[in-house]
Amino acid sequence: MAIKSVSIRIEEEMLNKIAYIADHEGRSVNSQVLVLIRENIKAFEDTNGAIDGNINPDSNVKPTRK
């Protein structure tokens, strides 16, 4: 499995809160974000069924605003 890097824009207050939670859990902010993403994917799949691992995100994302 390839590891990809993603940059996000996040409000400073939210980042500080995630950092606080991550520290409390003994994780880095990056690891905490990955935990949250995994939990969200699992919850989605529990409700809607498994997501095909070969899915092309371009066909599943709303078009960008112009």
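Colleague: What kind of model and numbering am I looking at?

Modeller: This is a predicted model, in which local features need pLDDT of at least 70 and side-chain atom pairs count only at pLDDT 80 or more, while totals for chains, interfaces and linings use all residues. Residues are numbered from 1 along each chain as its sequence is written, and side-chain values use heavy atoms, with hydrogens and water left out.

Colleague: Which side chain does Asp46 meet in a salt bridge?

Modeller: That of Lys42, at 2.8 Å from N to O. A salt bridge here means a side-chain nitrogen of Lys or Arg within 4 Å of a carboxyl oxygen of Asp or Glu. Lys42 and Asp46 are four residues apart in helix α2, residues 29-48, so about one helical turn separates them. Helices are DSSP runs (H or I, at least four residues), as strands are (E, at least two), numbered from the N terminus.

Colleague: Why does a spacing of four matter for direction?

Modeller: An α-helix has 3.6 residues a turn, so residues three or four places apart point the same way.

Colleague: How many salt bridges are there in the whole structure?

Modeller: Three. One of them joins Lys17 and Glu13, at 3.2 Å from N to O. Lys17 and Glu13 are four residues apart in helix α1, residues 12-25, again about one helical turn. Glu13 is exposed, at 52% relative accessibility.

Colleague: And which residue pairs with Arg27?

Modeller: Glu25, with 3.9 Å from N to O. Arg27 is partly exposed at 34%, and Glu25 is partly exposed at 45%.

Colleague: What comes just after α1?

Modeller: Gly26, with a positive phi of about 75°. α2 is followed by Gly49, whose phi is also positive, near 95°.

Colleague: At what angle do the axes of α1 and α2 cross?

Modeller: At roughly 95°, and the axes come within 9 Å. Axes are lines fitted to C-alpha atoms, for helices over the stretch in contact, with angles from 0 to 180 degrees between N-to-C directions. α1 and α2 are therefore roughly perpendicular; that label covers 65 to 115 degrees, with under 35 roughly parallel, over 145 roughly antiparallel and the rest oblique.

Colleague: Which residues make the contact?

Modeller: Leu15, Ile18, Ala19, Ile21, Ala22 and Glu25 of α1, and Val29, Gln32 and Val33 of α2. Contact means heavy atoms within 4.5 Å. These residues divide into seven nonpolar, one polar and one charged. Ala, Val, Leu, Ile, Met, Phe, Trp, Tyr, Cys and Pro count as nonpolar, Asp, Glu, Lys and Arg as charged, and the others, Gly among them, as polar.

Colleague: Gln32, buried or exposed?

Modeller: Gln32 is buried, at 6% relative accessibility. Leaving out residues up to four places away in sequence, Gln32 touches Ile18, Ile21, Ala22, Glu25 and Arg27.

Conventions
Buried < 20%, exposed > 50% of the residue type's maximum accessible area, 1.4 Å probe, protein only.
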